[in-house]
Amino acid sequence: MPKMKTRRAAAKRFSKTGTGKIKRNHAFMNHMLEHKPKKAKRKLRKSTTMAKGDVKRTKQLIAYK
């Protein structure tokens with residue numbers, strides 16, 4: 001069976017942490033930022049870990065080892 005190719009778009013969006021979790025950025029940080037509170041924008045800037053249900057599929061996309 002051939003190797004799975006990495007989905008380049010997914011590889012640019014997600015990264016792996018040292019403990020093996022998948023890191024992602026928050027949504028809702030692109031436009032209409034003047035209508036969002038400062039506190040919300042500050043929280044959305046940080047990255048977070050991916051939900052458990054999406055991890056398996058995402059690992060396949062980024063050719064996770």
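User: Is Thr58 buried or exposed?
Analyst: This is a predicted model. Thr58 sits in helix 3, which covers residues 52-61. Its relative accessible area is 6%, and the cut-off for a buried residue is under 20%. Thr58 is therefore buried.

User: Which residues does Thr58 touch, not counting those up to four places away in sequence?
Analyst: Leave out the residues up to four places away in sequence. What remains for Thr58 is Phe14, Ile22 and Met50.

User: How far is the backbone oxygen of Asp54 from a polar atom of the side chain of Thr58?
Analyst: Thr58 lies in helix 3, and Asp54 lies in helix 3 too. The limit for a polar contact is 3.5 Å between N or O atoms. From the backbone oxygen of Asp54 to a polar atom of the Thr58 side chain, the distance is 2.7 Å.

User: Which residue forms a salt bridge with Asp54?
Analyst: A search of the whole structure gives 1 salt bridge. Its closest N and O atoms are 3.1 Å apart. Both residues lie in helix 3, 3 residues apart, about one turn of the helix. The partner of Asp54 is Arg57.

User: How do Asp54 and Arg57 count in terms of accessibility?
Analyst: Asp54 has 32% relative accessibility and counts as partly exposed. Arg57 has 53%, and the cut-off for exposed is over 50%. Arg57 therefore counts as exposed.

User: Which residue of strand 2 stands opposite Ser15?
Analyst: Strand 2 covers residues 22-24. Strands 1 and 2 run antiparallel and are joined by 2 bridges. Opposite Ser15 stands Lys23.

User: What are the contacts of Phe14, leaving aside neighbours within four places in sequence?
Analyst: Phe14 is in the loop between helix 1 (8-13) and strand 1. Its C-alpha is 9.7 Å from that of Leu61, 47 residues away along the chain. With neighbours within four places set aside, Phe14 is in contact with Ile22, Lys23, Arg24, Met50 and Thr58.

User: Which residues does Thr48 touch, not counting those up to four places away in sequence?
Analyst: Thr48 lies in strand 3. At 23% relative accessibility it counts as partly exposed. Residues up to four places away aside, Thr48 touches Ile22, Lys23, Arg24 and His26.

User: How far apart in space are Lys38 and Thr19, C-alpha to C-alpha?
Analyst: Lys38 is found in helix 2, residues 38-45. Its relative accessible area is 67%, so Lys38 is exposed. Lys38 and Thr19 are 19 residues apart in sequence. In space, C-alpha to C-alpha, the separation is 31 Å.

User: What is the phi of Phe28?
Analyst: Most residues other than glycine have a negative phi. Phe28 has a positive value. Its place is the loop between strand 2 and helix 2, and it is exposed at 66% relative accessible area. Phi of Phe28 is near 70°.

User: Where is Met32, which has a positive phi although it is not a glycine?
Analyst: The phi of Met32 is about 60°. Met32 is placed in the loop between strand 2 and helix 2.

User: What radius of gyration does the chain have?
Analyst: The C-alpha trace spans about 50 × 25 × 20 Å along its principal axes. A compact globule of 65 residues would have a radius of gyration near 11 Å. The chain has 15 Å.

User: What share of the 65 residues counts as buried?
Analyst: The chain exposes about 6,100 Å². Carbon and sulfur atoms supply 54% of that area. The share of residues that count as buried is 11%.

Notes:
Residues numbered from 1 in each chain as written. Predicted model: local features only at pLDDT ≥ 70, side-chain atom pairs only at ≥ 80, totals over all residues. Heavy atoms only, no water. Helix = DSSP H or I, 4+ residues; strand = E, 2+ residues; numbered from the N terminus. Buried < 20%, exposed > 50% of the residue type's maximum accessible area, 1.4 Å probe, protein only. Polar contact = N/O pair within 3.5 Å; in protein donor to acceptor, adjacent residues only side chain to side chain. Contact = heavy atoms within 4.5 Å. Pairing = 2+ DSSP bridges. Rg over C-alpha atoms; globule rule 2.2 N^0.38 Å. Areas by Shrake-Rupley, 256 points an atom, 1.4 Å probe, with all protein chains shown as cover. Salt bridge = Lys/Arg side-chain N within 4 Å of Asp/Glu carboxyl O.
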